[in-house]
Amino acid sequence: MQLVVGRIGKAHGIKGQVTVEVRTDEPELRLAPGAVLMTDPPSVGPLTIADGRVHSGRLLLTIEGVSTRSGAEALRNTLLIAEVDPEELPEDPEEYYDHQLIGLDVVTADGEAIGELTEVVHLPSQDLLLVRRADGREVMIPFVHQIVPEIDLENQRAVITPPPGLLDAENAVLAVSDPEAGEDRPRERKPKKAKPKKLTAAERAAAKAARAAARPAPDAKPAPGTTPQAEPKPEPGQDPS
């Protein structure tokens, strides 16, 4: 069985090293020196790992036959694929290969059928389970113990305890950690108010000019050295108009 164990990222340095986005819990086994990996696209491989090291939290690999930066850049976005025995299981009983999870029936702790697990999505922060419901809709479920407390391979099912809104986006409540409670539990987060946009210098000048143009003009003042003339008063008995 073929499993994706990594994705080649950008080149590192000038000697052909590449950064790797690790997609396996056993990089010391799958990406060890001497490992021969198939690739996607197939035309790039197979690739043999010559050496590896961790630098600033990233895995760097040296590939046999790749000794220049341009050669490393040519491998960017290539998927690294390992051939794994279908009967092989991870050493940790709490860990699973993707092929063990895909196809499981997803149910709640109360026994309500939710759907079928169709894909495991690997993100840098956590893994997500993609579940297709009976009506064709798909939902993403964080693969954490608080939400997926049980994987029952014998009965081919995954048991979930979804927080409010996880399965119904219209009534979603964002679950965040409550550090004061000493545990992770769902709590409601109010939407943030939008901050006013900051104007650029040009926009501020244009706004100032617009305000000046809209301001009413002051009464005309007499020219310097002149005396304003008073309006003539009507004679007694004379019609003011």
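Which residues does Thr108 touch, not counting residues up to four places away in sequence? The legends below begin with that residue.

View 1. Thr108 lies in strand S7, and, with residues up to four places away in sequence left out, Thr108 touches Ile114, Val159, Ile160 and Pro162, where contact means heavy atoms within 4.5 Å. Thr108 counts as buried because its relative accessibility is 10%, the classes being buried under 20% relative accessible area, exposed over 50% and partly exposed in between, with a 1.4 Å probe and protein chains only. The model is predicted, with local features needing pLDDT of at least 70 and side-chain atom pairs counting only at pLDDT 80 or more, whereas totals for chains, interfaces and linings use all residues. Residues are numbered from 1 along each chain as its sequence is written, and side-chain values use heavy atoms, with hydrogens and water left out.

**View 2. The open sheet that contains S7.** Six strands form an open sheet in the order S10-S9-S8-S7-S12-S11, with mixed pairing. Its edge strands, each pairing on one side only, are S10 (138–142) and S11 (150–152), and the twist from one strand to the next averages 35 degrees, taken between N-to-C directions on a scale from 0 to 180 degrees, with axes as lines fitted to C-alpha atoms. Strands are DSSP runs of E with at least two residues, helices are runs of H or I with at least four, and both are numbered from the N terminus; two strands pair if DSSP finds at least two bridges between them.

View 3. S7 (residues 105–108) pairs with S8 (residues 113–122) in the antiparallel sense over 3 bridges, and Val106 has Gly115 as its bridge partner in S8. The hairpin of these two strands has 4 residues between them, and Gly111 takes a positive phi near 95 degrees there. S8 also pairs with S9 (residues 127–132), again in the antiparallel sense, over 6 bridges, with Leu130 in S9 as the bridge partner of Glu119. S8 and S9 likewise form a hairpin, with 4 residues between them.

**View 4. The pairing of S11 with S12.** Edge strand S11 pairs with S12 (residues 157–160) in the antiparallel sense over 3 bridges. Glu150 stands opposite Val159 in S12, and Val159 is also one of the residues that Thr108 touches.

View 5. S1 and S2 run antiparallel and are joined by 5 bridges, with Ala11 opposite Val18 in S2. Their hairpin has 4 residues between the strands, and Gly13 in the turn has a positive phi of about 75 degrees. S2 is in turn joined by 3 bridges to S5 (residues 58–63), and these two strands run antiparallel; Thr19 stands opposite Leu60 in S5.

**View 6. The largest pocket and its lining.** The largest pocket has a volume of about 840 Å³ and is lined by 31 residues, of which Asp25, Tyr96, Asp98, His122 and Asp127 lie nearest its centre. The elements giving two or more residues to this lining are S1 (2–12), S2 (17–22), helix H3 (98–101), S8 and S11, and S1 contributes the largest share, 3 residues. On a 1 Å grid over the protein atoms alone, a pocket is an open set of points where a 1.4 Å probe fits, with protein on both sides within 12 Å along at least five of seven lines, and lining residues have an atom within 4 Å of a point. The volume is the space filled by probe spheres set on the points, which are joined across faces, edges and corners.
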